[in-house]
Amino acid sequence: MGDMRRIPCVILRGGTSKGIYLKSNHLPQDKEARDKVILEIFGSPDVRQIDGLAGADPLTSKVAIIGPSTHPGADVDYTFGQVSINAPYIDYSGNCGNISSGVGPFAIDEGFVAATGSMTTVRIHNTNTGKILIAEVPTEDGLAKVNGDCKIDGVPGTGAQIMMDFSGTAGSVTNKLLPTGNPVDTINTSAGPLQISIVDVSNPCVFVRAKDVGMKGGETPQEVNGNPKLLGLMEEIRAQACVMIGMAPDVATATAKSPAFPMVAYVSPAADYVDFTTGKTISKDQIDFISRMMFMQVLHKTYPGTGTACTGAAAKIPGTIVNEAIPHIDSIKIIRIGHPAGVIEIEAAFEKGELSRAAFARTARRIMEGYVYVRNS
């Protein structure tokens, strides 16, 4: 079309996020040129992303780039990018577990991986972290199965259950399960000294007690995002942890150049609270503890997939802030995390000091496939 060119793309919901999935060979090989194309596909920077495909929400401004594997132990390469809405910037410093859950179905449907009966295992090399994650994808007639009875909170209806095992992603960025070597560290903040736990599985995450940041635990997104003092403190904690684990040289750079990772959450013991999407009460006997995780400096409306894997692992590590929030943790295999829109379950286990299982259920659905147009300039 004259001064525009078209690029094949797929819009796919993975878990509680929605992403634009692109093949690596359809994008420029030069990283700077590639990022300019992706920004235009998304319509960034613009507060409404009105001139692109994205939905002006951090949970829908996500890109997945898929290509043949460069790792001998994997079937495909997968690069995740968190596309900034307000700035011409894409954060590649970590992965997204929800978008990851769409990679297996995409790889099967696009012919990267041949379906094997009713269940196909896809080994995914996440280039952001250099780690392998495993997707167990239901298949039918050679394609990823979509319909099923798996219900995940934060998504209407049900779908085919995809199990995502992130046990191979321990030390994703720092090469250490506990990046500082400690289950708990103390940092100095504008609110005074605070205890934090930093754990690195799938993505590094920072955990703090809800009561230590002046929260009860079961707050809604509106309550959290309407509290600038809390948002500022949580970013202060996150940025300090980012520096502590070597992801940024200083806190200003952490906020500017690594805004997505590490993620930060506040946790509290199980209690009743209201699901903001339905208005129904989630009772304390439905969950093992409560967590509120921030993403891109606002509250995640559900719970991130990589954060789920990391939180599950943290729950099983003696002495962490997550571990102490669950008095009966030693007696449970499946950990139930209470998030703003419901509950997410994570199977977490250690064997001989190594993380042997960090698996959770997701669903995914291809929504659209076609061509997106970008300007030749």
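Over the ring of which residue does the charged end of R6 sit? The charged end of R6 sits over the ring of Y371, 3.9 Å from its centre; a charge is placed over a ring if NZ of Lys or CZ of Arg is within 6 Å of the ring centre and within 35 degrees of the ring normal. R292 is likewise placed over the ring of Y273, 4.6 Å from the centre.

The model is predicted: local features need pLDDT of at least 70, side-chain atom pairs count only at pLDDT 80 or more, and totals for chains, interfaces and linings use all residues. Residues are numbered from 1 along each chain as its sequence is written, and side-chain values use heavy atoms, with hydrogens and water left out.

The structure holds 16 salt bridges, defined by a side-chain nitrogen of Lys or Arg within 4 Å of a carboxyl oxygen of Asp or Glu. In one of them, the closest N and O atoms of R209 and E324 are 2.5 Å apart. R209 lies in strand β12 (residues 203-209) and E324 in helix α8 (residues 321-324), so the pair ties together parts 115 residues apart in sequence. Helices (H or I, at least four residues) and strands (E, at least two) are DSSP runs, numbered from the N terminus. R209 is buried, at 14% relative accessible area, whereas E324 is partly exposed, at 45%. Buried means under 20% relative accessible area, exposed over 50% and partly exposed in between (1.4 Å probe, protein chains only).

E369 and R366 form another salt bridge, with N and O atoms 2.6 Å apart.
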